[in-house]
Every structure is written in structure tokens, then in C-alpha cells.
Amino acid sequence: MGPITTTHYIALSAALLLIGTIGVLTRRNIVIVLMSIELILNAVNINLIAFSHNLHNVNGQIFAIFVITDAVAEAAVGLGILIALFRNKETVLADEVDLLKW
Amino acid sequence: MDVILFLIFAIIAVVCAVNVVVQTHPIASAISLVGVMGSLAVLYLLLGAEFLAMAQIIVYAGAIMVLFVFVIMLLNAGAESKRGRSLVAQLLGFPLLIALLALASYFIQRYYPGTATVQFGAFKAGTAQNIGRALFTQYLLPFEVTSILILIAIVGAVVLARKEL
């Protein structure tokens, strides 16, 4: 086992991205779909910070901060939408929200 | 030492991430997500991003997860029942996932041969001082725009979750 390189971090990021994508596509519970989106955004952060280390430049970490901020805003609005949805439809399952389905 | 720490926490992160997706009860997923965030914070420390490691713990494990757990409690969401999936998806899903991951790893290895090793302590620019200086000089405009984004998100969340919509 050689030393850890940036490639290892990119592979970890790819794995988390795939797992998160599978969660978004296969789960029915909207809460877990939102958690999977958090996984995807964290995969992006690993990439940014690994390249920040690789290029000896702090800009990647600044972008990671902006990504974290976006994740927070997305989670807050998404959960607000979920509460409004539950109040009207009494469900948190994505496949039972078919109001716009023809 | 670096290798051992990276392997331990990368494996914890991947196992917890798989657990987030396969658990049927949302609370179990939320706890697993805390595990992912914690191990990623350690990996950020290994990469020399001290400030981001702390921000990861505080923002994700402290703020977002409390929000998630609170909403799960509020909605009283139980375990989700399995849906009958197609036979093709059950048989081909996992092998195709492995194939996609192998393909991604192959192209990363081919087009980005990682000669740069990651040494703990080799890059020390991730302190709060350096981040703050870059954030308030070079990235001042994006920083201020982000505050407007947060304001919009707060107002949107309050309006959406209000009683009479």
C-alpha cells in the first residue's frame, strides 16, 4: 500500500457521489432523498478540498464554504416544502405526490 | 499514519453513506449521515483544511442534522415499505454500479495520475486567518451575495412552513 495521493480522495468522492445518486433515484421517502442530496454535495466538497491541497491554493476551500452554505439553504427550503406538503397531502413518500401527473 | 487514518475514515464514510441509503427508517439514516459528516471532517483535517473541518462538524452535525431530526419527529414518519422493483433492476443494479465505479476510477487514474502525495501538515493555508482574508478581500462580493441567498432561504422556509398556505 503506497502513500495516499489526491487520486484516492477523488475515488472516495466518486463513491459518495454514486451512493448519493442511488439514494436520490431509488428512495421514496423525501427526507432520505434530501439526505442523499447532502451526500452528493459533500462529495463535491471532498474534491474541492483535495485539489486545494494538491495545488497549494486556498481558493478551493473558499468554494467549499459556498457549497456548504448552499447545502444549508437547500435543506431549510426543502424541509419547509416537505412540511407544507405533509400538511396538504398527509404523505412524505415521493411517489404519492402525483398532483401534476397526467 | 496518514495511510491508516485515511483508510479508516474513508471506509467509515462509505459504510455510513451506504447505510444512509439502505435504512428504511429515516432516524437511522440521519444518525448514519452524522457518521459520514464526522469522518469527512477528519479527512478535511488530513488535507489541512482546519477551518472547514470545524465548519463541517458545526454546520452539518450541529445544524442540518438537528433540522432533519426535528422534521422527522414533526412528521412522525415511520419505516417505509418496500416497493416491488423490476427483476432487471434487481439483477443488474449492483453489477452495473460496480462497473460504473470501476470505469470512473479507471478514467481518474488515466487522466489524473496522482503523483502528488497527501502529507499531513504539508499544506497549512486552511486556517481561519487565511480563509477569512481570502473571503473578505478577493471573494467579498460572492460572500455578500451568499448572505442575500441565506436571507431568501430563511424567508422562504418560514413562508412555506406557515400554517395557512
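Figure 1. Asn45(A) is buried, its relative accessible area being 0%; here buried means under 20% relative accessible area, exposed over 50%, and partly exposed in between (1.4 Å probe, protein chains only). The residue belongs to helix 2 of chain A, where helices (H or I, at least four residues) are DSSP runs numbered from the N terminus. Once residues up to four places away in sequence are set aside, Asn45(A) touches Ala64(A), Val67(A), Ile68(A) and, from chain B, Tyr44(B); contact denotes heavy atoms within 4.5 Å. Asn45(A) and Ile65(A) stand 20 residues apart in sequence, and their C-alpha atoms are 8.5 Å apart in space.

The model is predicted: local features need pLDDT of at least 70, side-chain atom pairs count only at pLDDT 80 or more, and totals for chains, interfaces and linings use all residues. Residues are numbered from 1 along each chain as its sequence is written, chains are lettered from A and ligands numbered from 1 in the order in which they are written, and side-chain values use heavy atoms, with hydrogens and water left out.

**Figure 2. The interface between chain B and chain A.** On the two sides of this interface, 77 residues of chain B are in contact with 68 residues of chain A. The area buried between the chains is about 6,500 Å², and carbon and sulfur atoms give 77% of it; buried area is the accessible area (1.4 Å probe) that two parts lose on being put together, summed over both. Between chain B and chain A the count of salt bridges is zero, a salt bridge being a side-chain nitrogen of Lys or Arg within 4 Å of a carboxyl oxygen of Asp or Glu. Six residue pairs (both at pLDDT 80 or more) are in polar contact between chain B and chain A. A polar contact is a pair of N or O atoms within 3.5 Å; within protein, one must be able to donate a hydrogen and the other to accept it, and residues adjacent in sequence count only if both atoms are side-chain atoms.

**Figure 3. The side of chain B that touches chain A.** At least two residues of this side come from each of helix 1 (2-22), helix 2 (26-46), helix 3 (50-75), helix 4 (87-111), helix 5 (128-136) and helix 6 (140-160) of chain B. Helix 3 of chain B supplies the largest share, twelve residues. By residue class, the side of chain B that touches chain A divides into 57 nonpolar, 14 polar and six charged residues. In this division, Ala, Val, Leu, Ile, Met, Phe, Trp, Tyr, Cys and Pro count as nonpolar, Asp, Glu, Lys and Arg as charged, and the others, Gly among them, as polar.

Figure 4. Thr69(A) lies in helix 3 of chain A and is buried, with a relative accessible area of 16%. Leaving aside neighbours within four places in sequence, Thr69(A) is in contact with Thr146(B) and Ile150(B). Ala134(B) is placed in helix 5 of chain B and counts as buried at 9% relative accessibility. With neighbours within four places in sequence again left aside, Ala134(B) is in contact with Val58(A), Ile62(A) and Tyr139(B).

**Figure 5. The salt bridge between Arg28(A) and Asp95(A).** A search of the whole structure finds one salt bridge over all chains. Arg28(A) forms a salt bridge with Asp95(A), and the closest N and O atoms are 3.0 Å apart. The pair links distant parts of the chain, 67 residues apart: Arg28(A) is in the loop between helix 1 (6-26) and helix 2 (30-55) of chain A, and Asp95(A) is in the segment after helix 3 (59-89) of chain A. Arg28(A) counts as buried at 11% relative accessibility, whereas Asp95(A), at 28%, counts as partly exposed.

Figure 6. His56(A), in the loop between helix 2 and helix 3 of chain A, has a positive phi of about 50° although it is not a glycine. Glu90(A), in the segment after helix 3 of chain A, likewise is not a glycine and has a positive phi of about 60°. Glu90(A) is exposed, with a relative accessible area of 60%.
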